[in-house]
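Hello,

Here is the structure we talked about. Please open it next to this note; my findings follow below.

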Amino acid sequence: MREVLEGSQAVARTVARCRPGVVCAYPISPQTHIVEALAGMARTGELADCEYVNVESEFSAMSVAIGACAAGSRAYTATASQGLLYMAEAVYNAAGMGLPIVMTVANRAVGAPINIWNDHSDAMAMRDAGWLQLFAADNQEAADLHVIAFAAAEELGIPAMVCMDGFVLTHASDVVELATADQIDAFLPPYHPQQVLDIDRPTTIGTMAGPESFTETRYLQHLRFLDAADVIAAWSDRFRAAFGREAGGLIARYSPDTLDRDAQAPPASSTDLTVVAMGSVLGTLQAALAPLRAEGVPVRLVGVTSFRPFPEAALREALGGSRHVIVVDRALELGAGGALTGSVGRALAGTRSRIHSVVAGLGGRPILESSLEGAVRRALAGELGALEFLDLKTGGVPVPVEGASEVTR
Amino acid sequence: MTTVHIPFLQTGTLAVGGRLLTEEERSVQSHADRPSSLTKGHRACQGCAEALAARWVMDTAVEAAGGKLIVANATGCLEVFSTLYPESAWKPPWIHSLFANAAAVATGIAASLHAQGRDDVRVLAQGGDGGTVDIGLAAVSGMFERNDDVLYVCYDNQGYMNTGVQRSSATPATARTATTPAVGRHPGQAFGQGKSMVKIAMAHEIPYVASATPADLRDLEAKVRTAMSIRGARYLHVLVPCPLGWGSASSASIALARAAVQSGIFPVIEARAGELTDVQRIRERVDVSAYLEPQARFAHLFTPGGEDALDRWRALAEANIRRYDLLGGAS
Amino acid sequence: MRQVRIHGRGGQGVVTAAEMLARAGFLAGHEAQAIPSFGSERTGAPVVAYCRFADVPLRTREPVLAPDVVLVQDPTLLASEHPFAGLVPGGLVVVNTEADAVDVRAAAGAEDVDATVLTVPALRIALARLGRPKPAAAMLAAYAAASDDITLEAVKAVFRDRFPGPVGEANAHAADDAFTHIRTTVAREGADHA
């Protein structure tokens, strides 16, 4: 049934239909609407056979999820920003122990300065934690990705983050069609843990590994992660077959003509300018690039859905040696450049593509169609640099009113 | 005049005394089929009271749970000496996640079991004083406050012994540690610092709080049994002398635990819903020096100039004796 | 595509209004999208939310910069929040106020803006019908009375769906009142066009 739903409600209902055994969370904007909805469903019984645990911190949220998952339950939590960083130690721990927890990250900037609005700094800070990181382009995909995330995570024994832009998606209402409980029951296998705290088959989980075994542990974890690309792709294909719509996959291809999402879209060519982006800005790019396509400008669009594992081969193929690649980046590696750009650059090493990094939308700055269109036009004119900040106010930030503080320089 | 029940100290061991008791009076350890939850081959130091206490706690809890017990362990000595990959000294299903989160991991296990309808399986969390009183306090407090169905056991050796004997907020006044050296005008850990985890636990008004030491293993066993008979959040605080960190003879651990109790320094109590319900009386009172002097961490108290600090220790013991009526004079 | 901007204050249900508007638009057969522009959740602070309708899927996440319709839920925002900014020529502005369109234009400094300005006492209606200062249903019904984008029935339906029971009914009554007010006023005086 198509309906208008807030993104958070769409995610919460879909998560509930995945039948988690334990949901635990600590409130932080902009994740709150998701966990409020789940808490409500746990009380009404719509979310049955599930314990909802109100914990005292994000660190405990992830820790409760670790215990629950190790004890054999499908475990879910959600967080953002400072909360993700506060639980960082446990985020790494869950991955190291191979516990397929699913977590929504309602992407938000990381302070200081404190800022509750969207960018990708939080997820980028956890990119090496050993989690799958799937980025939703819109609220339909945000909801659907959770089904794929549970399936892929549990097959792999690797936890999964579903990243959705905070406020931009979590608090926006869109027309969506949610997977029904029956559909998900038919699609998502019941959780059969690969390792479990079982009184009949006792096991020790979480031992210390010394120098003689740690490298091998990490090597095996990496190999498993390399399998993840195929597993995510396979579950996404199954999802498309079962539900008749695109979600997940490693990258998102877009038709050169309509700029609609199209898994069958041909790769870009060496005469194209291709924009690469992640998350909700892909929708704005669809709108922004339309007038350029209408003028006959050879511009293409590719989305990165799976940031971890990073789909180097799929991306290289989709970009097809594009002359210009503009990466719209919603996070910054301070002192280096755009965070997504770094991974794209590694994928394109040795190719002739010229990469431009456009850092945009930090801390909730709206990304405007006209600004994106302008960046493409400047690239075509040879005027776009290797790293630019979109809509940067070159006059600097507003100075506090006189008397509020002393400005020394 | 009050009377003090004096148990026969040998009955808690595998020695002949245990076999003199009737079957139901014998300790778990005297059974031929004892669980041996923390089994041989681990790497604890000689004289480690934590290893002894953990074995008693765990075996009692396993037996009380009918063999259905899952354990969450904080990072620390107990974890490191028992589970160096690829070996494990634990027989029950056991998980170590992080230093600060044992209580929360246990909550997750309990929540999972409840969601699965497996309320027959019980959950125990354990850690040292660092993982409980310092870095893990928020998670422990959260578990208490929600009254999650977890027995949390703190083995308190009064410092960060695993990392080389640094001060924790359970380190007693004047104790020398690597970060409170015995130099300057006030050597060792300062007076007036530190916190009582037993009182903190009681303030949460959880169903059961108790303290114990390995000097009275039958008492420790009885408290674990009581705790396991109750549902909800329960807390057991066990003082465990540490030969390495305390600078004591490895043969002295039990004697030191006993001296801590008999001097009034470590009150052995039980509390329910925040109310003190039982206190173990001092049987044969000893001076605090009997507890302090065998420990190298307090050596500076027994050099010229240490008298003032010793007096302050005696005042601490007096305060405990008054507060908990450890001599029974009030009744 | 039709684009709507809603001005109000925290606690007045601005975000709910945008969501209800998207739902009403969807019921009327459009693709729809509501985008709240969130700050910290403080009662009384100025809040803006956006809504779009189209007959093709909506892709962009850009805030609405050139609204076809502006709804102002609190007249004290007219001077400070520039509600006429970016309005497309001939656009519609609906203001919750007891004053008339001339006063609204004066307060907003928009005497010469090419727009239709309608006023509706949505606060008075809300207080009478709901007993609370929640003007969203009345504002959306006023919008329905002045445009073909949404219908009165759709507005009432989405409020009844979201707030089942007496609250939904009270909102439906408020919607009726506001709809009637606009239709009566426009029939009597004609709409204000600059």
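**Findings**

In chain C, 63% of the contacts between residues at least 6 apart in sequence join residues at least 24 apart. Two residues are in contact here if their C-beta atoms, placed from the backbone, lie within 7 Å.

Some ground rules. This is a predicted model, in which local features need pLDDT of at least 70, side-chain atom pairs count only at pLDDT 80 or more, and totals for chains, interfaces and linings use all residues. Residues are numbered from 1 along each chain as its sequence is written, while chains are lettered from A and ligands numbered from 1 in the order in which they are written.

**Chain C overall**

Chain C has six helices and seven strands. These are DSSP runs numbered from the N terminus: H or I over at least four residues for helices, E over at least two for strands. The order along the sequence is β-α-β-β-β-β-α-β-α-α-α-α-β. The C-alpha trace spans about 45 × 40 × 35 Å along its principal axes. Of the 194 residues, 56% count as buried. Buried means 20 or more other C-beta atoms within 10 Å of the residue's own, exposed means 12 or fewer, and partly exposed lies in between, with C-beta atoms placed from the backbone.

**Helix α6 of chain C**

After α6(C) comes G190(C), with a positive phi near 75°.

**Where chains A and C meet**

Chain C puts 17 residues into the contact and chain A puts in 19. On the side of chain C, α1 (14–27) and β2 (31–37) are the elements that give two or more residues. β2(C) gives the most, with six. That side divides into eight nonpolar, three polar and six charged residues. Ala, Val, Leu, Ile, Met, Phe, Trp, Tyr, Cys and Pro count as nonpolar, Asp, Glu, Lys and Arg as charged, and the others, Gly among them, as polar. Strand β8 (173–177) of chain A pairs with β2(C) in the antiparallel sense, over two bridges. Pairing requires at least two DSSP bridges between the strands. The bridge partner of S173(A) is A34(C).

**A sheet in chain A**

Chain A has an open sheet of six strands, ordered β10-β12-β11-β14-β17-β18, with mixed pairing. β10 (251–253) and β18 (387–389) are its edge strands, each pairing on one side only. β10(A) pairs antiparallel with β12 (299–304) of chain A over three bridges. There, A252(A) stands opposite G303(A).

**A strand in chain B**

Which residues of β3(B) are buried? R122(B), L124(B), Q126(B) and G128(B) point one way, V123(B), A125(B) and G127(B) the other, and all are buried. Seven of seven are buried, so β3(B), residues 122–128, is largely enclosed by the rest of the structure. β1 (69–73) of chain B pairs with β3(B) in the parallel sense over five bridges. A72(B) has A125(B) as its bridge partner. β3(B) also runs parallel to β4 (151–156) of chain B, again joined by five bridges. G128(B) stands opposite Y155(B) there.

**Backbone points to check in chain A**

Most residues other than glycine have a negative phi, and most peptide bonds are trans. S29(A) and P30(A) are joined by a cis peptide bond, with omega about 0°. P30(A) lies in the loop between β2 (22–25) and α2 (32–44) of chain A. The bond from A112(A) to P113(A) is cis too, with omega near -5°. F167(A) has a positive phi, near 65°. F167(A) is buried, with 23 other C-beta atoms within 10 Å. D391(A), in the segment after β18 of chain A, has a positive phi near 55°. D391(A) is partly exposed, with 16 other C-beta atoms within 10 Å.

Best wishes
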